[in-house]
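Thanks for coming. I will walk through one structure today, a piece at a time. Please have the sequence and the picture open.

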Amino acid sequence: MGAGGRLGYAYKLGGAPNNRRQAERPPYKWIVFFWKMKVHTIDLKFQGVDGAIAAFLIESGGELALVESGPTSTLPALRAGIEALGFAVADVKKVLLTHIHLDHAGAAGWWARQGADVYVHPRGARHLIDPARLIESATMVYGDRMDELWGEMLPAPAERVVSVEDGEQICVGEVTLVARDTPGHARHHHVYACGDVVFTGDVAGVRLTGQAYLSVASAPPQFDEEAYGRSLDLLLQGGYKKLYLTHFGEVTEVEDHLTRYRDAIRAATVFVRDRVAEGVDASSLHILYEAFQMEQAFKAGVPAEVWGRYQIANPTAMSADGLSLALK
Ligand SMILES: [Zn+2]
């Protein structure tokens with residue numbers, strides 16, 4: 001679990017001692033930090049694996065908000081993570097979803113039923129209130145593994161679902177987060193910016209902690225390379241100093257990351273386009289695309305064990321399906 005925040009400011013206390021207690025202190029200046037926002041990264045231990053899916057707990061001015069609910073299957077880990085930080089689950093009043101895929105928003109209905117307001121892209125709102133279509137399309141991808149992977153997705157009461165447009169602000173304690181429409185991975189995708197940090201959902205890709213390799217988040221059915229490019233431009237123009245990736249954690253070399261991610265999307269798109277042009281079928285494409293990505297990962301120093309975690313966070317077969325679907 002990490003804590004950080006770019007919005008702290010410092011008070012310098014010092015000068016002539018004005019009482020006995022202060023006079024006894026060492027004669028150097030005291031610096032006290034008052035953080036406007038603290039971000040706690042909570043590892044949801046998805047499928048029993050470390051560092052695959054995160055939720056972020058924002059703490060500011062006595063208020064708590066979550067970015068991402070994670071799936072229902074990881075609610076016990078999320079609740080334990082919140083409690084381990086010394087907070088009560090009931091104190092989380094706002095849940096900001098980057099998009100409605102089950103690994104990010106599966107437990108949103110549960111939170112809404114606890115009384116939290118759930119903030120979501122306008123294209124996602126109705127699917128939280130009535131998740132039938134979301135469940136149906138996920139079942140087409142995951143089949144009988146739905147329950148094991150994601151758990152039950154509960155419908156959210158409509159009065160708890162807040163649809164947020166591009167540029168809308170959400171207050172949490174002393175800070176304001178700004179939703180930005182960022183399609184490319186999905187059309188119902190927002191990032192949430194706060195000062196010089198931004199919570200990127202899947203639009204800045206998948207990069208596990210301590211690794212350089214970037215895995216392209218292109219799950220079906222809404223991967224769109226052009227839209228992705230525009231969203232990455234928006235992030236680059238934002239001049240952010242820190243990204244929080246749902247898969248997984250903090251990235252501080254922002255420009256390098258975003259520029260390399262754009263290249264990775266291009267390379268993946270060209271690879272799949274060429275294989276499809278050669279007449280390769282879907283299951284062969286899965287194998288070829290995995291080999292293509294593994295080669296890049298291993299060249300970038302990803303150990304075999306970590307490759308397994310990348311496959312849990314962002315399966316290459318699913319990414320290949322999304323890339324090939326976009327060609328149709
Ligand atoms: Zn995701």
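Before the sheet, one definition: two strands count as paired if DSSP finds at least two bridges between them. Keep in mind also that this is a predicted model.

Strand 10 covers residues 169–172 and strand 11 covers residues 175–181; the two run antiparallel and are joined by four bridges. Within this pair, Cys171 is opposite Thr176 of strand 11, and Val172 is opposite Val175 of strand 11. The two strands form a hairpin with two residues between them, and there Gly173 has a positive phi near 55 degrees.

Now the whole chain. It has 12 helices and 15 strands. There are 328 residues, and 43% of them are buried. Taking contacts with a separation of 6 or more, 66% are between residues 24 or more positions apart.

As a general point, nonpolar side chains in soluble globular proteins tend to be buried together. The largest nonpolar core here has 84 residues, and the members touching the most others are Phe56, Val95, Ala108 and Val118. Helix 9 gives the most to this core, with six residues. What does Phe56 contact, once neighbours within four places in sequence are left aside? The list is Val39, His40, Thr41, Leu66, Val67, Glu68, Phe199 and Tyr244.

Helix 9 also has a helix partner. How do helix 8 and helix 9 cross? Helix 8 spans residues 225–237 and helix 9 spans residues 254–277; their axes come within 10 Å and cross at roughly 175 degrees. An angle over 145 degrees counts as roughly antiparallel, and therefore helix 8 and helix 9 are roughly antiparallel to each other. From helix 8, the contact uses Glu225, Tyr228, Gly229, Leu232, Leu235 and Leu236. From helix 9, it uses Glu255, Leu258, Tyr261, Arg262, Ile265 and Thr269. By type, the residues of this contact are seven nonpolar, two polar and three charged.

Then there is helix 12, residues 316–325. Is helix 12 mostly covered or mostly open? Mostly covered: seven of its 10 residues are buried. Those are Thr316, Ser319, Ala320, Asp321, Gly322, Leu323 and Ser324. The buried residues of helix 12 pack against helix 9, helix 10 at 282–299 and helix 11 at 304–313.

Tyr213 sits between strand 13, at 197–201, and helix 8. Is Tyr213 buried or exposed? The cut-off for buried is 20 or more other C-beta atoms within 10 Å. Tyr213 has 22 within that distance, so Tyr213 is buried. Not counting residues up to four places away in sequence, Tyr213 touches Arg207, Gln296, Ala297, Ala300 and Val302. The C-alpha atom of Tyr213 is also 9.3 Å from that of Arg260, and these two residues are 47 apart along the chain.

That is the tour.

Technical notes
Residues are numbered from 1 along each chain as its sequence is written. This is a predicted model: local features need pLDDT of at least 70, side-chain atom pairs count only at pLDDT 80 or more; totals for chains, interfaces and linings use all residues. Axes are lines fitted to C-alpha atoms, for helices over the stretch in contact, and angles run from 0 to 180 degrees between N-to-C directions. Angles under 35 degrees count as roughly parallel, over 145 as roughly antiparallel, 65 to 115 as roughly perpendicular and the rest as oblique. Two residues are in contact if their C-beta atoms, placed from the backbone, lie within 7 Å. Ala, Val, Leu, Ile, Met, Phe, Trp, Tyr, Cys and Pro count as nonpolar, Asp, Glu, Lys and Arg as charged, and the others, Gly among them, as polar. A residue is buried if 20 or more other C-beta atoms lie within 10 Å of its own, exposed if 12 or fewer, and partly exposed in between; C-beta atoms are placed from the backbone. A nonpolar core is a set of buried Ala, Val, Leu, Ile, Met, Phe, Trp, Tyr and Cys residues joined through C-beta atoms within 7 Å.
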